[in-house]
Every structure is written in C-alpha cells, then in structure tokens.
Amino acid sequence: MHPVTPLRRAWAPVAILVGWAFHDPDGTQRRLSELTALTLAVGAAAVIVGGALYGFLSWWFTHFAVTDTELRIRTGLLFRRTAHIRLDRLQAVDVTQPLAARIVGVSKLKLDVVGTEKKDELAYLGEKDAAALRAELLARAAGFAPETARDVGEAPVRNLLHVQPRMLAVSLLLTGAPWVLLVAALVVPTVLWLITHNAWTVIATALPMLGGAFASSVGRFVAEYDWRVGESPDGLRIDHGLLDKAHETVPPGRVQTVRIVEPLLWRRPGWVRVELDVAGSSNSVLVPVAPRAVAESVISQILPGVRVPAASELSRPPSRAAWCVPVWWHGYGLAVTDAVFAAGHGLLRRRLSLVPHAKVQSVRVRQGPWERFKGVADVHVDTGANKTVAARLRPASEASRLLLAQAERSRTGRREARPDRWMA
C-alpha cells in the first residue's frame with residue numbers, strides 16, 4: 001500500500017482516549033489536574049508514538065496479491081484475516097478519493113462482489129496504481145487472460161450526461177424535505193422551550209432536525225456535484241463529488257429495478273431523478289436531476305430495449321379502491337410491457353418503478369380483509385436486490401391473472417436474458 005496509509009489508522013488510539021475522556025469528563029479533569037506538566041508532555045508523546053506505531057504496523061501487515069483466479073487481501077497483526085475475492089464474482093470496482101486523500105494524491109478501491117453486502121477495500125494506493133489495478137481487475141473479471149489483462153488498460157468512455165451545478169442547486173431548493181426539516185427545527189424547539197424552559201431538551205431536538213436539513217440540501221449538493229454519467233464496455237460509469245471524489249461503475253446486467261422520482265415542484269421544469277436497486281451493490285443513484293427525455297435516454301442504456309411508460313399509459317385502480325386508501329389511491333398505477341413490470345405510486349412525489357421481467361425472483365398477491373370486501377388486491381414482485389415493487393389496489397380478478405402471467409414472463413425473460421458478463 002502507499003506509504004501514507006499508516007495515517008489512516010494512526011488516530012485510533014487518540015480516538016479511544018478522547019472517547020474515554022468524554023465518558024467521564026469530571027473524573028478526567030480531576031486526574032489531569034493532579035499531573036505535572038512533565039508527566040502530561042510524556043503522556044502526549046507516548047500517545048503520538050503509540051498511534052504512529054499502530055498505524056505503521058497496520059500498514060506493514062496489510063498485503064494484497066492478484067492471482068489467476070482471485071484477489072487476496074491479508075490484514076491483521078494479532079488476528080489475521082485473509083479475504084479471497086474470486087475475480088469471476090467481481091461486479092464493480094469503485095475508486096473514491098476523500099478530500100485528504102486528494103491532497104496527497106492517493107485513492108481507495110472499493111470492491112463489489114456478487115453475494116456479499118459489505119465491500120472489501122484497498123486503501124490507500126497511488127492514483128496511477130489504483131487506476132492500473134482497477135483496469136486489470138475488470139479485465140480479469142471480463143475473462144481476459146492474466147498475461148494480457150495488464151495491457152488492456154482503462155476501457156473507453158462515451159459521455160451521456162453532465163449535471164450542471166446550477167441545475168443541481170435549483171433542484172435541491174425545489175425539494176420539500178430540507179424546507180420541512182428547517183421549519184420543524186424552528187417551530188418544534190420553540191414550542192418545547194415555552195413548555196419546558198429546558199435548554200438541553202431544545203438543543204437535543206433542534207440539532208438532529210438541522211442536521212437532516214443540512215444533509216438533504218448542502219450535503220447532497222457536495223456529494224452530487226459535477227455528476228457525470230458515461231457509457232463504457234464495463235458498464236455505466238459515474239463520477240461525482242465536490243470534496244470527496246467518487247468514480248463508480250454500475251455493473252452490466254445487475255440492475256434489478258430502475259426508479260424514476262418526480263417531486264411536485266420539479267414537474268413544471270420537467271425534471272426527474274433516477275434511482276437504482278443493484279444486486280450486491282450500494283450504488284443507488286443514476287441521475288440526481290435531469291430533464292425527463294435525457295433521463296430516459298440514460299435508462300435506455302442500462303435497460304436496452306426498454307421504453308418508459310408515460311403517465312397516461314398507467315392503468316389506475318378502480319374507484320372502489322378509495323374505500324381502502326382514501327385520496328392517495330389516485331397515485332397508484334400499473335403498466336406491463338414486453339420488457340418490464342412498471343408500478344407507480346405517489347401524488348405529491350411520484351415514483352415509477354421499472355422491474356425487468358428477467359429480474360423478478362417471485363410474484364405474489366396479498367389481500368387484506370377490507371380489500372377482499374372491496375374486491376381489490378396488491379400484486380408484489382420481489383427482485384434479486386431483496387427489494388419489492390408493488391402494484392396496489394388492482395381488481396382481484398386482474399391480480400389473479402397477473403400473478404400467473406408475470407410468473408411466465410419471468411421464466412421467459414430469464415431464459416432469453418443476456419449473460420451477466422463484463423465487457424460483453
């Protein structure tokens with residue numbers, strides 16, 4: 001690993017001491033007041049040396065190797081851990097650069113492997129070394145021979161989308177969540193102060209709300225700044241970040257659900273957000289904001305041959321469904337095409353979920369007692385990302401037919417689907 005890697009864990013002993021001090025602040029202050037200046041200086045030096053030694057040893061005992069069939073990562077001084085990552089199970093290699101890592105010119109590799117939720121990572125490598133290793137791992141995962149994988153290099157990229165910072169900022173201002181949290185952070189603590197006159201209660205209530213408003217506005221702007229989507233033989237590549245840079249890959253053939261989100265205030269300019277459910281991967285956003293036509297063109301790259309149904313094409317629940325879900329029943333809809341199962345819901349914040357038939361793992365019908373009385377039922381399809389998409393409040397007879405038809409479409413879709421291979 002890169003020589004600056006020890007700094008990654010050198011702070012751990014210091015963090016333990018700080019946590020212990022905050023756990024008992026009065027006792028810590030009393031003990032520190034009893035120590036002389038020389039003792040404090042020696043103790044501080046010992047902590048610094050101990051942290052440096054811990055960081056150095058964690059770096060010294062971390063190794064990785066690429067064999068013909070797997071990537072091996074070995075870590076640990078007292079307790080050894082060796083991860084064996086099969087290259088044919090590797091589906092994405094993401095490159096991230098926290099702000100401090102960008103300053104010193106190093107990168108972190110995060111590895112998405114089929115069948116695992118937690119990502120293994122290599123931190124830190126020099127920028128050029130990280131790019132070269134990523135290209136080699138993807139080439140090996142694609143089936144290139146070990147002797148030629150290093151010469152394959154980075155796959156070419158064709159730019160599909162660039163979200164301008166101004167559009168991103170305006171879209172966040174037109175999102176309701178930050179404003180709701182901000183108003184709540186002003187109103188709720190004020191009411192609590194008038195009732196309790198307890199400052200700690202007010203602070204404990206206001207801080208989480210202010211933090212949520214910040215994370216959903218400024219935090220999202222910083223994370224989604226300079227968002228770019230490009231097409232390459234190894235999938236769709238996503239680059240973004242203002243302070244922390246991220247270079248992610250959406251694996252081909254692993255997308256289980258595409259979700260088009262349309263907040264109320266985005267409808268006038270015609271903007272949408274595109275989210276993903278990817279099996280075994282944490283990549284969840286494809287397009288933070290874009291005109292609908294542009295977003296649909298990007299979706300066509302990740303789901304070839306899929307056309308996004310228009311709102312007018314969605315079949316709405318029968319009017320008797322209003323007895324089960326008053327008002328909000330208007331927001332539900334369903335469209336089944338040759339390629340996808342498309343279910344919509346939401347009035348103020350519309351969401352349209354597209355599930356390719358080949359990605360449906362199971363389909364079921366659910367019907368509560370009141371729904372049985374009104375003759376409606378919910379059709380649920382489960383995907384390989386452990387997610388469920390539901391078409392709610394369908395007529396009971398239609399739901400029964402849809403259950404059998406969707407099971408057959410899924411069998412046919414899996415039989416005709418392209419293999420999940422890199423650089424296919």
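Student: What makes the crossing of α7 and α9 right-handed or left-handed in this predicted model?

Tutor: A crossing counts as right-handed if the near helix is turned clockwise from the far one by less than a right angle, and the crossing of α7 and α9 is right-handed.

Student: Which residues of α7 and α9 meet?

Tutor: From α7, Pro165, Leu168, Ala169 and Leu172 meet Ser216, Ser217, Arg220, Phe221 and Glu224 of α9, where contact requires heavy atoms within 4.5 Å. The residues of this contact divide into 5 nonpolar, 2 polar and 2 charged.

Student: What makes Phe56, Trp59 and Trp60 a cluster?

Tutor: Rings pair if their centres lie within 6.5 Å, and pairs of this kind link Phe56, Trp59 and Trp60 into a cluster; by this rule the count comes to 5 aromatic pairs.

Student: How do you know whether the peptide bond from Ala123 to Tyr124 is cis or trans?

Tutor: Its omega is near 5°, and the bond is cis; Tyr124 lies in strand β6, residues 120-126. Most peptide bonds are trans.

Student: What is the phi of His197, and where is this residue found?

Tutor: His197 has a phi near 55°, a positive value in a residue other than glycine, and is found in the loop between α8 and α9. Most residues other than glycine have a negative phi.

Terms used: Residues are numbered from 1 along each chain as its sequence is written. This is a predicted model: local features need pLDDT of at least 70, side-chain atom pairs count only at pLDDT 80 or more; totals for chains, interfaces and linings use all residues. Side-chain values use heavy atoms; hydrogens and water are left out. Helices (H or I, at least four residues) and strands (E, at least two) are DSSP runs, numbered from the N terminus. Ala, Val, Leu, Ile, Met, Phe, Trp, Tyr, Cys and Pro count as nonpolar, Asp, Glu, Lys and Arg as charged, and the others, Gly among them, as polar. Rings of Phe, Tyr and Trp (its six-membered ring) pair if their centres lie within 6.5 Å; planes under 30 degrees apart count as stacked, over 60 as edge-to-face and the rest as tilted.
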